[in-house]
Amino acid sequence: MLMSVVIRKKVVHYPETDGKPMAETDRHYRLVTNTRFSLEWHFRQRDDVYVSGNLFVYYEEGNPKKCVAPDVFVVFGVPKRERRVYLVWEEGKGLDVVFEFTSRKTRNEDFGRKMDIYRGILGVKELFIFDPLREYMEPPLLGFYRRGERWVREEPKEGRLVSEVLGLEVVMVGEMLRLYDPKTQNFLPTPEELLQQR
């Protein structure tokens, strides 16, 4: 008599939160939310562009410790839909562009572990790091562009960096970071600006 054996696949839980606050300061929070909103608005008519932020990105199936949570990120070629977490093996690709709003408290991770994961594992093409409180970076904005297997670092010219992937310029405006569309010759709107226009 043959016995059938049912082997249950181990269920792995990928947490959605680590209990830490979303942002360091009010300014960091405003930068994260404004940047994410502006990018979502810019790509609002494309169903194949996903914009998110402060969402866990898991990059090794079966290992919930292998994750990173970028402040803001953009992925091209995946469906635009709500996600609880981003599972790289299910999505079929890593991230394309990442924004980090750094601070003295997060700088070691931003310039260490996270940069290595972005470049090596997630295949990020462009990384923009901004120090809004000007605590330790000079200049306070840096761009890192993937060239082969390494990063090429660029400093802004007249407060601007170009994002070839997004087709936008990343611009320091006072204490804030804004996104500028060279095609329309306008800054992408923040939620407040869009409300005022309406």
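Let me start with Glu169, which stands opposite Tyr180 of strand β12, and please keep in mind that everything I describe comes from a predicted model. The two strands around that pair are β11, residues 168–173, and β12, residues 176–181, and they pair in the antiparallel sense over five bridges. Helix α1, which covers residues 26–42, packs on the sheet and touches both β11 and β12, and the direction of this helix makes about 10° with that of β12.

Between β11 and β12 there is a hairpin with two residues between the strands, and here Gly174 takes a positive phi near 60°.

Now to the sheet as a whole: it is an open sheet of four strands, in the order β10-β11-β12-β13, with antiparallel pairing. The edge strands, each of which pairs on one side only, are β10 at 160–163 and β13 at 186–187.

So what about β12 itself, is it mostly covered or mostly open? Strand β12 is mostly covered, since six of its six residues are buried. In a regular strand, the side chains alternate between the two faces of the sheet. In β12, Met176, Arg178 and Tyr180 point one way, while Leu177, Leu179 and Asp181 point the other way, and all of them are buried.

Asp181 has Asn186 of β13 as its bridge partner, and in the hairpin of β12 and β13, which has four residues between the strands, Gln185 takes a positive phi near 60°.

Notes
Residues numbered from 1 in each chain as written. Predicted model: local features only at pLDDT ≥ 70, side-chain atom pairs only at ≥ 80, totals over all residues. Heavy atoms only, no water. Pairing = 2+ DSSP bridges. Contact = heavy atoms within 4.5 Å. Axes fitted to C-alpha atoms, helices over the stretch in contact; angles between N-to-C directions. Buried < 20%, exposed > 50% of the residue type's maximum accessible area, 1.4 Å probe, protein only.
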